Amino acid sequence: MNFTIKGKTINQLEEFVIKNGFPKYRAQQIYNWMYKHGTFDIRSMKNISNDLKSFLIDNTIINTLTLHDKSECDNTVKFLFKTQTNQFIESVSMIEDDKHTICLSSQVGCSVDCDFCATGKMGFISNLSAGEIIDQLLFIKNTINNPITNIVFMGMGEPFLNYNNVINAAKLMNDDNGLNFGANRITISTAGIIPKINKFIDDKLKFNLAISLNASNDETRNKLMPINKKWPIKDLIKVAKKFNENNRNNITFEYVLIDTINDTHQDAKQLAKLLKNSGCKLNIIPFNSIGNEYSRPSENSINSFLKIIHEEHEGFRILVRWSKGVDINAGCGQLATKGLK
Ligand code: SF4
């Protein structure tokens with residue numbers, strides 16, 4: 001049968017145990033072992049009867065990923081996982097001061113095809129299940145001692161093109177009977193899939209939302225992110241304002257600053273004009289080179305861009321992330337995917 005129990009909600013687990021002749025309360029025990037205790041081995045679920053353990057071992061899958069490789073640099077650890085269908089995905093853990101942020105993947109490959117992104121070059125391969133998304137988190141939680149403070153969906157893939165599985169995984173992370181991460185600690189980052197942003201608003205979800213903007217005008221954004229031809233900047237600003245009216249935490253626009261592409265004085269002025277009085281947050285991230293034709297602007301260019309945006313900005317907040325190398329808050333497409341062929 002091989003029913004995957006990881007990623008299932010309490011209701012789904014209850015339905016499963018009852019259907020197979022076990023009492024309903026057993027579902028809660030399995031749920032607690034998987035999500036509260038982070039158990040990867042059915043044999044170590046102590047309060048579960050032997051007949052249920054044997055049944056689960058024979059008929060279910062609890063671990064959806066295996067660790068293929070791990071690399072460490074400063075306080076950043078990159079994990080390369082293999083799925084059960086032999087695909088590779090990447091997750092990152094980064095500790096900075098008292099913050100431990102993890103960056104999760106939502107798809108294998110990605111169809112959005114942003115020009116600066118290695119994942120985009122792979123094309124779309126498959127969606128990750130809620131279990132595969134949760135297992136990235138559980139594995140990092142069990143491997144790294146520092147408590148996780150922030151979860152960001154900025155790894156491989158476009159989370160809103162795998163909406164149901166991403167939202168189900170985020171709800172499991174947020175469940176106070178399970179992993180119990182506050183909704184304000186979970187951020188979903190999208191390239192700007194407007195129908196799904198509207199759905200997210202209509203579903204009244206409380207997770208943080210970020211949009212990768214990366215350009216101050218449609219011409220540049222069309223080149224960097226072809227999805228802009230379908231959902232252009234003015235529509236993104238409009239939906240962001242709608243989001244802000246409906247949510248406590250305003251939307252964040254991520255702007256990866258790329259040498260000679262989107263870092264001119266004119267870009268800084270246009271960007272300030274676009275976001276004027278939007279109430280949004282603007283996260284500026286100097287590009288981290290990932291071995292393609294794009295590069296990080298010089299320190300001087302970055303500083304003069306920042307000077308203008310600080311002078312011109314009105315009615316939105318600016319945050320700058322300077323870190324070099326792997327920066328898991330760097331926004332979609334900034335995770336290197338070397339070795340993921
Ligand atoms: S930047 Fe994000 S949305 Fe764009 S191709 Fe890469 S993974 Fe997909």
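S44 is partly exposed, with a relative accessible area of 33%, where partly exposed covers the range between buried (under 20% relative accessible area) and exposed (over 50%), computed with a 1.4 Å probe and protein chains only. The model is a predicted one, in which local features need pLDDT of at least 70 and side-chain atom pairs count only at pLDDT 80 or more, while totals for chains, interfaces and linings use all residues. Residues are numbered from 1 along each chain as its sequence is written, and side-chain values use heavy atoms, with hydrogens and water left out. The secondary structure of the protein comes to 11 helices and 14 strands, which are DSSP runs numbered from the N terminus, with helices (H or I) of at least four residues and strands (E) of at least two. The radius of gyration of the protein is 21 Å, close to the 20 Å that the globule rule gives for 341 residues, so the protein is as compact as a globular protein of that length; the radius is taken over C-alpha atoms, and the rule is 2.2 Å times the number of residues to the power 0.38.

**Surroundings of S44**

- S44 lies in the loop between α2 (25-36) and α3 (50-59), and when residues up to four places away in sequence are not counted, S44 touches W33 and T39, a contact being heavy atoms within 4.5 Å.
- Between S44 and W33, which are 11 residues apart in sequence, the C-alpha to C-alpha distance is 8.7 Å.

**Overall form and surface**

- The C-alpha trace of the protein spans about 70 × 40 × 35 Å along its principal axes, and buried residues make up 55% of the 341 residues.
- Of the contacts in the protein with a separation of 6 or more, 65% are accounted for by residues 24 or more positions apart.
- The protein exposes about 15100 Å², of which carbon and sulfur atoms supply 46%; accessible areas come from the Shrake-Rupley method with a 1.4 Å probe, and for residues only the protein chains shown count as cover.

**Charges and salt bridges**

- The protein has 41 positive and 35 negative charges, and their mean positions are 4 Å apart; Lys and Arg count as positive and Asp and Glu as negative, with His and the chain ends not counted, and each charge is placed at NZ of Lys, CZ of Arg, CG of Asp or CD of Glu.
- A search of the whole structure finds 9 salt bridges, each defined as a side-chain nitrogen of Lys or Arg within 4 Å of a carboxyl oxygen of Asp or Glu.
- One of them joins the side chains of K6 and D135 (2.6 Å, N to O), and this pair links distant parts of the chain, with K6 in the loop between β1 (3-4) and α1 (10-19) and D135 in helix α5 (residues 130-143), 129 residues apart; K6 and D135 are both buried.
- K78 forms a salt bridge with E90, in which the closest N and O atoms are 3.3 Å apart, and the pair links K78 in strand β4 (residues 76-83) to E90 in strand β5 (residues 88-96), 12 residues apart; K78 and E90 are both buried.
- D203 forms a salt bridge with K199, the closest N and O atoms being 3.2 Å apart, and here D203 is partly exposed at a relative accessible area of 35%, while K199 is partly exposed at 33%.

**Buried positions in a loop and a strand**

- L205 is in the loop between α7 (194-202) and β11 (208-212) and is buried, with a relative accessible area of 9%.
- Not counting residues up to four places away in sequence, L205 touches Y163, I167, K171, F200 and N247; A183, 22 residues from L205 in sequence, is 8.5 Å from L205, C-alpha to C-alpha.
- T76, in strand β4, is buried at a relative accessible area of 10%, and the C-alpha atoms of T76 and V92 are separated by 7.1 Å, although these residues are 16 residues apart along the chain.

**Backbone angles**

- Most residues other than glycine have a negative phi.
- D113 has a positive phi, near 65 degrees; D113 is found in the loop between β7 (107-109) and α4 (118-122) and is partly exposed, with a relative accessible area of 37%.
- N214 likewise has a positive phi near 65 degrees; N214 lies in the loop between β11 and α8 (218-224), and at 1% relative accessibility N214 counts as buried.
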